Amino acid sequence: MTPRTSRQPAPGRATSAPHLSCECLAVGYKGHSLLPAFDLTIAPGSFTLVVGRNGTGKSTWLKTVLGLIPPVSGRVRMAEPRPRLTYVPQAAALDAILPVRGRDVAAWGRLHGWQFLRPLAARADRVATDSALAEAEAEAFADQAFRELSGGQKQRILFARMLASDADVILLDEPTASMDQASEREAYRRLDNIRHKGGTAVIVVTHTISQVTPYADQLLFVDRTERARRDGEADKGAAQLRKQAEKPADRDAETSPGPAEFHSDHGVVLVGPPDIVCAHRHFQRHFHEVLPDGPA
Amino acid sequence: MAQPDQAQHASEPPDSLDSPHHDMVALDGQGGTWEEFIAGWELFRDPVYCATIAGFVLGFLSVYIVLKRMVFVSAAVTQGAGLGVALAFYSSIHLGIGIEPAYGAVAVSLAVSFMLVLDPQSFGLSRETMLGAAFALTGGAAVLVGSRITQEAHDIQAILFGTAVLVSPEDFYRVAAAGGVIMVFHLWWFRGLTFASFDPVAARVQGLPVGVLDSALLISIGVMVGVSARALGALPSFALSTLPGMAALLIVRAHLWTVFVIAATLGTLAGAGGYVFAFLEDLPVGSSQTVAAVAILVAALAVRQLILRLKKQPSTSAPAD
């Protein structure tokens, strides 16, 4: 694989140190890797898209990056001071009998670390929550019981929580699963605005790429299934990602010819800026060592 | 430190002590009157205050217990409190080591709580398995140890079923002190405790110390259940630490703070009201408090049905277009 040239990075990306780095990170359960180890850098202002079908390991990768499950090998290194993270799950993650208003859920976004030691929310926190609800167009139902909202409304509340969090890195797991196409498009447009305005890094895990790909500047395709290997699904996915990544909304086609890319031939494809090549070298070096059953 | 053999009513036959009425009036099976209750207020004040405080704090905690699906945790912890009291008596009588029963109750309650903090999956077990084992172990062991303490049979009965009529000043002060500290702590850490309890994944991602908050919650439940079980009995402590939360959740759908306030109020009503009801009707105290908590739950269910019916009414009566 030969990288082509760099894409125009999002603001802050070229000048700031990465928020977090996955170093030879292999993810899985009980010592068994679901994916080969690879490096990935999450820079300020970057938009990383993790794509794959259900059961391919993308959510496991996300949980490992979030620190919810330990890596099989390698590590996730956070910048110092630790960046603020926020996580947007699928709406179903909250208990169906939880008696909270949408506003309460959004207000949780303001709590980081030990800030809860302040027993009452500061005025600034309340203002930020109101503003986030307005921006997510969730004001109208913010005072209704969260459990009685529709899937799309719940997702808007979770978006408001994300906006209120003022985080450095936003991680979203199938964030638009309950949205129609127009809402989905709008949600990704907002995410793109956030990263451009505040230099926030965005990581989206999804199995559908149609709406989000134009905004991504770093793509990770994961699918090690037998079927994907047999059908060359990873290659097809990579081709699709490459095609879309070559036409980003904010890129000048003449000065920024396109992204670098890497095929593992084992169901993992990375597409992104040239610095990803470093990751590819690691990838190749560690691939055989980390996967217990070896590459297919 | 008070010795178990100094415990209240230890020398009296159990049957004469299971209703507050028996301390004031003749055993005529007719119950007492409000006038008699007021006349004996000096005697009943501490147990009523104790039931009020325990009901309030356990009612507040019951929201966490219900929403975190920890009802059986509460059952195991209250059983543990019973075992702790039995072990304290056994230690004093047979080993000559004087241990205050309330401390025994708190110690075993906390031990059970900490056991439940451990991740059972690391042993290849589910949380339900651990709960079942803890419940069976503490319940069985309390009865076994109790069978070896004939001198304190009434206290064992009191701790398991809540038949104690009066509360010693020491037990009352312990309930008041533990309740006060726990409420101050919970009001202070409320935002963190609720976020970490009800959306632990997001809380962990946002850097909240979820393990610390979970442990603090379990410790506060263990301590409050322990001191309440010694003062009121295990059965009413279990009822007060679960049923008010269920009732409040039936009434309130969206305001978390309101749910906590209503649960604490209902717990108070069940604790103090159950005691008064036991006096007026000449019934065992602990069972009356438990039944009062159940009655409140049933009433809440009725209120819920009424609210649903009232909500439906406008749409059903509206003319079809």
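Visitor: How many of the 14 residues of helix 4 of chain A are buried?
Guide: Helices (H or I, at least four residues) and strands (E, at least two) are DSSP runs, numbered from the N terminus. A residue is buried if 20 or more other C-beta atoms lie within 10 Å of its own, exposed if 12 or fewer, and partly exposed in between, with C-beta atoms placed from the backbone. Helix 4 of chain A is largely enclosed by the rest of the structure, because its buried residues number 12 of the 14.

Visitor: What pLDDT do local features need in this model?
Guide: Residues are numbered from 1 along each chain as its sequence is written, while chains are lettered from A and ligands numbered from 1 in the order in which they are written. The model is predicted; side-chain atom pairs count only at pLDDT 80 or more, totals for chains, interfaces and linings use all residues, and local features need pLDDT of at least 70.

Visitor: How far does helix 4 of chain A reach from its first C-alpha to its last?
Guide: This helix covers residues 151-164, 14 residues in number. The expected span is 1.5 Å times one less than the number of residues. That gives an expected 20 Å, and the helix comes close to it, reaching 20 Å.

Visitor: Which residue just after helix 4 of chain A takes a positive phi?
Guide: The buried residues of the helix include Leu163(A) and Ala164(A). Just after the helix, a positive phi of about 55° is taken by Asp166(A).

Visitor: Is Cys24(A) buried or exposed?
Guide: Cys24(A) is not a glycine, yet has a positive phi of about 50°. Its place is in strand 1 (residues 20-26) of chain A. With 20 C-beta neighbours inside 10 Å, Cys24(A) therefore counts as buried.

Visitor: Is Arg69(B) buried or exposed?
Guide: Arg69(B), a residue other than glycine, also has a positive phi, near 55°. It is in the loop between helix 2 (41-67) and helix 3 (71-95) of chain B. Having 12 C-beta neighbours inside 10 Å, Arg69(B) therefore counts as exposed.

Visitor: Which element gives the largest share of the side of chain A that touches chain B?
Guide: Two residues are in contact if their C-beta atoms, placed from the backbone, lie within 7 Å. On that basis 24 residues of chain A are in contact with 24 residues of chain B. Strand 7 and helix 2 of chain A are the elements giving two or more residues to this side. The largest share, three residues, comes from strand 7 of chain A.
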